[in-house]
Structures are given as C-alpha cells and as structure tokens.
Amino acid sequence: MAQGKVTINNLNLSQGNFPEVERKALFIGVGAKNLGRVLSLNTQSNLDESLGADDSALKTNVAAAKANGGENWQAYAAPINSGDPWEAALDQAMLTVSPELVALCSPAADAAAIEAMQTKAELIRTTIGRRVIVLTASAGIDAETQSWSDYEAAQAAITHGAACPRVAVIPQLHGNDLGVLVGRLCNRAVSIADSPMRVATGSVLGLGDAPVDRDGVELPDATLATLDANRLSCVQRYPDYPGTYWGDCNLLDVPAGDYQVIENLRVVDKAARAIRILAIARVANRSLNSTPVSIAANKTYFMRPLREMSKSVVFAGEHFPGEIKSPKDDSIEIVWPTKTRVEVYLKVQPYNCPKDITANIILDLSH
C-alpha cells in the first residue's frame, strides 16, 4: 500500500542579473566634515552639505567628477583627517559599498606609495574577492620653484620602476584632474570599454585654471607628452581644435603587459566578477561534470557574461559596438584535471580602437 505524494521545488539556475559594480567610484581624501563616514553621492547631492563649505582636495575632485559624470552619476566619499591612513578608510568603506574605482585625492609622493596601493588592491581581491582600480593624484607644479623640466623629472620619479597594473597616477596639473578623469570614466554615455581618450565623448568639463611654471610659462603640450610617456595620465589638446580632452588612462603595468590602459582591465574585471558568481553557484553541483552534454551546457552557462557584454546595436546604419567582441566556440574551454577540480578558460576580446590615425592623400591628375 502507498500514499500519493507530490513535491514541487523552485530551482535556482542563476539566471538573474549580476550586480553592477562598474562606474562607481570611492573618493578618499582629507575633508572638513563627516570625517570617518562613508557618504553616498549622486547628481542631486549638495557637496557643501556633505563635504563642508570650505574648499578641499576631496571636494574639488568630487565636484569635477560630478560635472563630467553625466546623468545618473553615482559615487561615494570617505573624508578623513590629515595623516589618517587611507587604507583604513577603504577597509571601512568596503563594509558597506563596492566600488570599481578608488580615487585617492592626497598626492602620492614616491614609488613606494604607488606600490602600497597595488598591494592594497591585490589584498582586496584576494581577501574579499573584489576587484578595484586605484587612481591616485600626484602633486601639481610648484609655480614658485619648479620649471616644467623640473616638474617632469619629479613626476617621472614617482612611476619609475613601478609594476602596478591596478594603479594609475594623475598629476593635479589643474587642481582637479583626478576628478575630471574619474567622472569621464563613470559617464554612462560611453561604455567601460571606451578609452577616456575618446574625442566623441566631448571636451572635459570644469577643468581648473591652466598651470604655469616659475617662469610664467603655461603648460606646454610637450610636457603632457612627456608625462604620458612616463605612464602618468593627463589631459590632451589638439592644435586648432576646440576643447580639452584626455589621453590614455595609463596603468603601471610592465612593458608589453596586457593591462597598460584602463579599458583592458575594466572589461576583464567585469567579466571576472560575473564569472566568479557563476562559478560559486556551481561548487559541488554535479550538473557540472565531465560528460559531453554537461561540458556543452556549462560552456553556455559560463559564456553568459561574455554574450551580454558583446551585444552591439546597428541603428540608422551606425554600428555601436558592445564592450567586447562576440564570443566564439573557441572562447571557452572546460578541463577536468582531477575528479573534483575543474578549470574554465575564457577569452575576452576587445575591439580595435583607433588612437593613432594616419590619412594618406594622393592627388589624381588623370583626365
């Protein structure tokens, strides 16, 4: 004899949206109000109320980010006392928020400070599984004592020998360059795969006063090129073309490294965040096994973030590319080294990006 039974289970196949970490920045710097707190900011925020009425490097850079961040800009600020370690403020902020970019408003003075930032970024990745990129200010020119040549040498010394692919250094040439860059990187009018160099994004907004050296010489374009060659990130101008733009956001990766510019690291980090979530959901789940049918199903499963990132739009004959190229069959491989350990290999392929354009023109005299 038996009694009938019906059991209904709601199965969770991990098909929901991934949390969006991208385009959120945490500013850390010396402030005058709300010290020790983590403040949520958006385009409606009154910075005088949040960060104090007095000027500060923190408030100046947040205001520049707000001006360049476009619609739905969102950020966090952690005001600290002068002399307080920024690492402690970052640890505290990580308890409540998860930013993609960490903007340090106090100028970095030497390579040791840069390496400490790389170390902290790696510790965050290895201890709590989050990926951040640290953008730090460096000092602007001392108009009383430095020539542009002196300034170039001082800035080059900061990045010399640094192998820190999660850190970028932004000289505060105009007093708010860091905030301008962060806002440009967080602007939703462009994708995370776009370089801040993209001219079509428009001229930077709210840039501070043009700097001069001890001889009263305004910032030369040659100095900007030298700073860029030394892996610092700064504005760029085009002769007889209105507006001020930006160059590459240079990361301090090693020569020939894959992550010398921020857009390469941002797309890989975005894919990694999503794939990590999918991988956790597969731990000890026997639907991922070594049979051909399981391998095929799980290739589709792990490829979802790449498919979503690769969606392009063609409208009115104009191609708006996705963040990466569409994945192909060889963009993923799943390997079982042992019965309990599986390795997933994925390939993220960015689009080409024209940063050096040469046009060759010939004269046709045929008749």
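Contact here means heavy atoms within 4.5 Å. The structure is a predicted model, in which local features need pLDDT of at least 70 and side-chain atom pairs count only at pLDDT 80 or more, while totals for chains, interfaces and linings use all residues. Residues are numbered from 1 along each chain as its sequence is written, and side-chain values use heavy atoms, with hydrogens and water left out. Helices (H or I, at least four residues) and strands (E, at least two) are DSSP runs numbered from the N terminus.

**Helices α2 and α6**
- Asn61, Ala64, Ala65 and Asn68 of α2 are in contact with Asp177, Leu178, Gly179, Val180, Gly183 and Arg184 of α6.
- By class, this contact of α2 with α6 comprises four nonpolar, four polar and two charged residues; Ala, Val, Leu, Ile, Met, Phe, Trp, Tyr, Cys and Pro count as nonpolar, Asp, Glu, Lys and Arg as charged, and the others, Gly among them, as polar.

**Helices α8 and α9**
- In α8, Val267, Lys270, Ala271, Ala274, Ile275, Leu278, Ala279 and Ala281 meet Tyr301, Phe302, Arg304, Pro305, Leu306 and Met309 of α9.
- The contact of α8 with α9 has twelve nonpolar, no polar and two charged residues.

- Leu39 and Leu41 of β2 (residues 39-42) point to one face and are buried (under 20% relative accessible area, 1.4 Å probe, protein chains only).
- Asn42 stands opposite Gln74 of β3.

Terms used:
Buried < 20%, exposed > 50% of the residue type's maximum accessible area, 1.4 Å probe, protein only. Pairing = 2+ DSSP bridges.
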